[in-house]
Amino acid sequence: MYGYIPPIDDYRFLLRDVLSFEAAMGELGMEIDADLAATVLEEAGKLCAERLHPINREGDEHGSRLVDGNVQTPPGFAEAWREFASSGWASLAGDPAYGGQGLPFLLQLWLDEMMAAANLSFGLFPGLTRGASEAIAAHASESLKATYLPPLVSGEWTGAMALTESGAGTDLALLKTKAEPRDGDNYAVTGQKIFISSGDHDFGGNIVHLVLARLPDAPAGVKGISLFLVPKFLRDADGGFTIRNGMSVGALEKKMGIHAQPTCVMNYDGAIGWMVGEPHRGLAAMFTMMNAERLMVGIQGLGIAGAAYQQAAGYAKERLQGRSADGSANPVAIIEHADVRRMLLHIRGFVEGARALGGWVALQLDRAHHHADAGARAKADALVALLTPVVKAAFTDFGFESAVQAQQVFGGHGYIREWGMEQYVRDARIAQIYEGTNGVQAMDLVSRKLPVAGGAVVQEFFDLIAADLAQAGGAAIAVRTDEALARLREATAALQGADIDTAGAVATDYLRLFALVAIGWMWARMATAAAHEDTAFNKTKLAVADFYASRVLSQATGLAEGILAGDRSFARLSAEAF
Ligand SMILES: Cc1cc2nc3c(=O)[nH]c(=O)nc-3n(C[C@H](O)[C@H](O)[C@H](O)COP(=O)(O)OP(=O)(O)OC[C@H]3O[C@@H](n4cnc5c(N)ncnc54)[C@H](O)[C@@H]3O)c2cc1C
């Protein structure tokens, strides 16, 4: 296996030449220039490459274990967590009011990419902790915030998100966990949750679960769900958190990948919890956490694809097989074969384009949080909401496909364990499923996000792309993206107001088409920036942009045709016919 090399040169290029980072920060009154941002990323990259990547393989082989009811994470994880938190990485973009460093979310997003690349199982701990902090900050009482936010923001404590039950996955209306009011301001939470990531661990400190449950008088359905903060340890008389709450790990799920990550069956037996937000409005509060997690999960797809690419490119330069096209006498490195280059270019076209698009979305999130003007905040927020299902689903689909292609570059050596490629494939797979399956993300895009403001938000996004493409001076990538955008506009018009079945039948293809165009837009921006100076870095960018224009964007026509065909064959069959 080769090591992991953080993509700092690419981050620098994006900060300086593509995303106008300094101008964006200036507008938000945040004092950080591109050099400082790149230095922060460089330091974060060292931690990922030198501390998290080396324990990734053993983490997979050893896995987390349940010993006497307590989770033991694999060797090195607890030490790595403490180093991660004490060096300030947990609090990077956290709210300064609670001890956070208040750095731009853009840096957090790229730190997430590097963590996912180096060690996906580890990256879930800080991701869930951050999501819990955001939900508490947005919806909890001042006293809960004062108690729980400082240690969560610093990483002294961690967070977990407990929604899923055996009978309630996508459809949370079916959940049965109960919360009974006790004396005072708290509740007794009783029920079983399954699949709870980071539900327990041996890092020390408290574990703060955000649990969805029903009050005794709750109306049926999603309108009867409330949100509760349920800590593993309760406060004792001296103010320390030493008293075990009534919750326990029933089992660890045995699963395909992310073996180091403890995915817990959690039993809450009258566990004491405090309500976060309003009664019966818990799902809305939980969405603060889920939206943050969805972006992070999308970035997991990107991170794994980038790491798998590095391994595949390294191997392709060393593995000797076959003769060159001009008939060399000796075997050549497989990187000389056009088909191997095709696979690598496919992955690279996704990785670098998605890295840029993820960065653009992160800057919108920074605007949504920090812009002085309420109108600008609302506009940025609407764009983030539109793009969130696209990032979650498309990045994880492309991420998994990229991991498989990178594995393919290794031939049989990718299938056996030695090179670690099969771990990337297994680990990447979950990101398509959790945080709302990708099919459900596609439905969210088509049925909830497209109609926002009568379709004005999505039109505004398309107009933004069109305006940028018009500046790109006729480069192939701009022309092909513009053509694909025209198909996307047609598909969008066809889906506006479509019934749920018609939309559901094509939503996944629509989301893919949307993502191809959005990533093409970023490639057009990158190609424009790279055309200014004739360096090796820029030449590579321009070649990958051309590949994306001719070989990837060409899929847009087929996707649009399928969407516009109005096929109803899915509805012709009875359930028995399947
Ligand atoms: C490793 C792992 C970690 C997880 N971590 C957490 C966690 O930390 N916290 C937590 O609460 N949960 C967690 N989950 C749960 C995860 O979010 C759910 O598994 C996921 O949301 C899907 O729910 P389900 O498994 O019940 O599938 P189902 O909801 O039964 O879905 C099955 C299939 O039907 C489709 N489907 C369902 N409803 C619809 C619909 N309305 N329209 C179209 N298609 C539909 C789905 O797309 C899917 O293909 C985790 C799961 C795993 C495997």
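1. The largest nonpolar core. In this predicted model, the largest nonpolar core holds 187 residues. The residues with the most contacts inside this core are Leu210, Phe395, Phe461, Tyr510 and Phe514. Helix H16, which covers residues 500-530, gives the most to the core. Its share is 20 residues.

2. Around Tyr510. What does Tyr510 touch, once its neighbours within four places in sequence are left aside? Its contacts include Leu445, Val446 and Leu450. Phe462, Leu488 and Ala491 are also in contact with Tyr510. Thr492, Leu495 and Ile563 are on the list as well.

3. Another core lies apart from the largest one.

4. Residues around the ligand. There are 18 residues around the ligand. Which of them come nearest? They are Met161, Thr164, Thr170, Phe195 and Thr437. Sorted by class, the shell has 9 nonpolar, 7 polar and 2 charged residues.

5. Look at Thr164, Phe195 and Thr437 in turn. A polar side-chain atom of Thr164 sits 2.7 Å from a nitrogen atom of the ligand. Phe195 uses its backbone: an N or O atom there lies 2.8 Å from a ligand nitrogen atom. For Thr437, a polar side-chain atom is 2.6 Å from an oxygen atom of the ligand.

6. Cover and elements. On its own, the ligand has 980 Å² of accessible area. The protein covers 61% of that area. Which elements give two or more residues to the shell around the ligand? They are strand E3 (158-162) and strand E5 (186-197). E5 gives the most, with 3 residues.

7. Ile258. This residue lies in the loop between strand E10 (247-252) and strand E11 (263-276). Is Ile258 buried or exposed? Ile258 counts as buried because its relative accessibility is 4%, and the cut-off for buried is under 20%.

8. Gln261. The loop between E10 and E11 also holds Gln261. Gln261 is buried, because its relative accessible area is 1%. Leaving out residues up to four places away in sequence, Gln261 touches Ser64, Ser121, Leu124 and Phe125, among others. Ser197, Ser198 and Lys255 are touched by Gln261 too.

9. His280. Follow the chain on to the loop between E11 and helix H8 (282-318), and you find His280. The phi of His280 is near 65°. That is a positive value, and the residue is not glycine. His280 counts as partly exposed because its relative accessibility is 22%.

10. Val404 and Glu422. Helix H10 (residues 374-409) contains Val404. Val404 has a relative accessible area of 31%, so it is partly exposed. How many residues apart in sequence are Val404 and Glu422? They are 18 residues apart. In space, C-alpha to C-alpha, Val404 and Glu422 are 8.3 Å apart.

How values were computed: Residues numbered from 1 in each chain as written. Predicted model: local features only at pLDDT ≥ 70, side-chain atom pairs only at ≥ 80, totals over all residues. Heavy atoms only, no water. Core = buried A, V, L, I, M, F, W, Y, C linked by side-chain atoms within 4.5 Å. Buried < 20%, exposed > 50% of the residue type's maximum accessible area, 1.4 Å probe, protein only. Helix = DSSP H or I, 4+ residues; strand = E, 2+ residues; numbered from the N terminus. Contact = heavy atoms within 4.5 Å. Near = heavy atom within 4 Å. Polar contact = N/O pair within 3.5 Å; in protein donor to acceptor, adjacent residues only side chain to side chain. Areas by Shrake-Rupley, 256 points an atom, 1.4 Å probe, with all protein chains shown as cover. Nonpolar A, V, L, I, M, F, W, Y, C, P; charged D, E, K, R; others polar.
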